[in-house]
Amino acid sequence: MSSWTRALGVLRGGTQLLTRSRQRITTRKSSGGSHAESGYRQCPNPTPKEFFYAELPLSAAWFWILWHCWHDPDAVLGHFPWPDTSQWTDEELGIPPDDEE
């Protein structure tokens, strides 16, 4: 008896699919259009608010880098005294003597 009820349920579902009128398929655009519309090979234009939120951390990062380059240059250039290049000899630089041909 249970096989008959199961078969009837399948047949009822199939007939409902066939007799039901065609319905339009609607697409939902992510809660009200707050997102940018995309197109083929086109970049979406950011809103001024998105532009500000993108520029804010970038500006803070560049401020941090330039501030520390100015106030702590040893972190970038190294912790050693720069050599005085006027004290180097020609031999140390690999320059042959003038009288040698």
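1. Ground rules. Residues are numbered from 1 along each chain as its sequence is written, and side-chain values use heavy atoms, with hydrogens and water left out. Because this is a predicted model, local features need pLDDT of at least 70 and side-chain atom pairs count only at pLDDT 80 or more, while totals for chains, interfaces and linings use all residues.

2. Confidence. The protein chain has an average pLDDT (the predictor's confidence in each residue, from 0 to 100) of 79, and 69% of the residues score at least 70. A friendly reminder: where pLDDT is low, the predicted coordinates should not be read in detail.

3. Fold elements. The protein chain holds 5 helices and 0 strands, in the order α-α-α-α-α from the N terminus. Helices (H or I, at least four residues) and strands (E, at least two) are DSSP runs, numbered from the N terminus.

4. Of the 101 residues in the protein chain, 1% are buried. Here buried means under 20% relative accessible area, exposed over 50%, and partly exposed in between (1.4 Å probe, protein chains only). The protein chain exposes about 10,800 Å², with 60% of that supplied by carbon and sulfur atoms; accessible areas come from the Shrake-Rupley method with a 1.4 Å probe, and for residues only the protein chains shown count as cover.

5. A nonpolar patch. Trp62, Trp64, Ile65 and Leu66 make a nonpolar surface patch of about 500 Å². Patches take residues with over 30% relative accessible area and no salt bridge, joining like charges within 9 Å and nonpolar side chains (Val, Leu, Ile, Met, Phe, Trp, Tyr) within 5 Å. A salt bridge is a side-chain nitrogen of Lys or Arg within 4 Å of a carboxyl oxygen of Asp or Glu. Trp64 sits in helix α3 (residues 48-71) and is exposed at 57% relative accessibility.

6. Aromatic pairs. The structure has 3 of these. Rings of Phe, Tyr and Trp (its six-membered ring) pair if their centres lie within 6.5 Å; planes under 30 degrees apart are stacked, over 60 edge-to-face, and the rest tilted. Phe63 and Trp67 are a tilted pair, with centres 5.7 Å apart and planes at 35°. These two are 4 residues apart in helix α3, so about one helical turn separates them. Phe63 is exposed at 52%, while Trp67 is partly exposed at 43%. Phe80 and Trp82 also form a tilted pair, 5.6 Å centre to centre with 50° between the planes; Phe80 is partly exposed at 47% and Trp82 exposed at 63%.

7. Cysteines. With a disulfide taken as a pair of cysteine sulfur atoms within 2.5 Å, the count is 0. Cys43 is exposed, at 72% relative accessible area, and Cys69 is partly exposed, at 34%.
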